[in-house]
Amino acid sequence: MPHRRPHTLILAGVLFAAAFGGGCATVQPWQRGRLADNCMVFDADGSQVAYMTHWQEAREASAGGFGVQSGGCGCK
Amino acid sequence: MTIASLMPLAPSTSASTSKPTPSVEVSTADGATVNLADYKGRIVLIDFWASWCPPCKTSFPALDVLYRQYRDRGVEVLAVDLDERRHDAETFLGAHPHSLTVLYDPKGVSPQAFGVKGMPSSFIVDRAGNIRFTHMGYSGDVAASYRQEINLLLSEH
C-alpha cells in the first residue's frame, strides 16, 4: 500500500473546505433592511459624535487628538 | 465608508422592454392573495419598496400623487412592500397617508421573479400585460418619466 504524503491530505482538505465551506452569501437588494438600520451606520448621529469628542478631549486632555480645524493659534 | 453608502440610491436608471409580467402572488393587507399578472386590460405601475429604503420615502408620496392623477383613466399603482416585518411597513404607512394599493411580500418572491436589482424598483405594464418600462432608484426625473410613459401607454389602443 503506497504511503500518502501528509501535505497531499492537507491539500485535499483545503480544497474540500474551499469547495464546501464557503461562508459568503449574496444579499439581495430587498434583504438589506437590517443592513440599512441606523445602528449599522458608524457615527450616524453627527451631533452626538461632536459632543462625545469634545467631552473626551476635555477629560483626557487630548485636544487635537481627533484633528484640529484651526490655523494653529490654539483657539479651536 | 458605511454599508448604507454602498446601497444603490442614486442616480436612478430606466429602460424600455417588452416581456410578460411574471405570474407571482403577493398578499393584500387583509391576507388575501393577488397575482401581479392578473391586471391585464389596465395600465399598471408596480413599485417595489421598503420602509428602510431612503429613496422610497420620496418615491412613495410621489407615486400617490401620480395615482390620484391617473386613477380615473384606468391606471393602477401597486406598491409592493418588501419589509420582512409587517410592523415596519405599517409604521411607515401610518406616517404617509395615501390612496395606493399596498401589497405585501415579506419573503421577497416577487422581486426575485421581476429581477429587481435595487430599491426602489418600478415596472410599468401595458394593457396587454407586458412590462414596457422599468426604473431602478428614484430621483425627480423619474416622476416625469412615469407620466411620459403612462401617457404613451394610454395613447395605445
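This is a predicted model: local features need pLDDT of at least 70, side-chain atom pairs count only at pLDDT 80 or more; totals for chains, interfaces and linings use all residues.

Modeller: Happy to! Residues are numbered from 1 along each chain, chains are lettered from A and ligands numbered from 1 in written order, and side-chain values use heavy atoms, without hydrogens and water.

Helix α1 covers residues 54–70 of chain B and helix α4 covers residues 140–155 of chain B. Both names follow DSSP runs counted from the N terminus (H or I of at least four residues for helices, E of at least two for strands). The axes of α1(B) and α4(B) lie 12 Å apart, and the angle between them is about 25° (lines fitted to C-alpha atoms over the stretch in contact, with angles from 0 to 180 degrees between N-to-C directions). That angle is why α1(B) is described as roughly parallel to α4(B) (under 35 degrees; over 145 is roughly antiparallel, 65 to 115 roughly perpendicular, the rest oblique).

From α1(B) come L63(B), V65(B), L66(B), Q69(B) and Y70(B). They meet Y146(B), R147(B), I150(B), N151(B) and L154(B) of α4(B), contact being heavy atoms within 4.5 Å. Of the residues in this contact, seven are nonpolar, two are polar and one is charged (Ala, Val, Leu, Ile, Met, Phe, Trp, Tyr, Cys and Pro are nonpolar; Asp, Glu, Lys and Arg charged; the others, Gly among them, polar).

Stay on α4(B) for a moment and find L152(B) in that helix. With a relative accessible area of 39%, L152(B) is partly exposed (buried is under 20%, exposed over 50%, partly exposed in between, for a 1.4 Å probe and protein chains only). Its C-alpha atom is 9.7 Å from that of D126(B), although 26 residues separate the two along the chain.

Let's move on to the loop between α3 (109–114) and β7 (121–125) of chain B, where P120(B) sits. The peptide bond from M119(B) to P120(B) is cis, with omega at about -10°. S121(B) belongs to strand β7 of chain B, and its relative accessibility of 4% makes it buried. Beyond its neighbours within four places in sequence, S121(B) touches I46(B), D47(B), F48(B), V116(B), H135(B) and M136(B). T13(B) is 108 residues away from S121(B) along the chain, yet their C-alpha atoms are 9.4 Å apart.

Finally, step back to chain B as a whole. Four helices and eight strands make up its secondary structure, in the order β-β-β-β-α-β-α-β-α-β-β-α from the N terminus. Buried residues account for 48% of the 157 residues. Among contacts in chain B with a separation of 6 or more, 71% join residues 24 or more positions apart. The C-alpha atoms occupy a box of roughly 45 × 35 × 30 Å along the principal axes.
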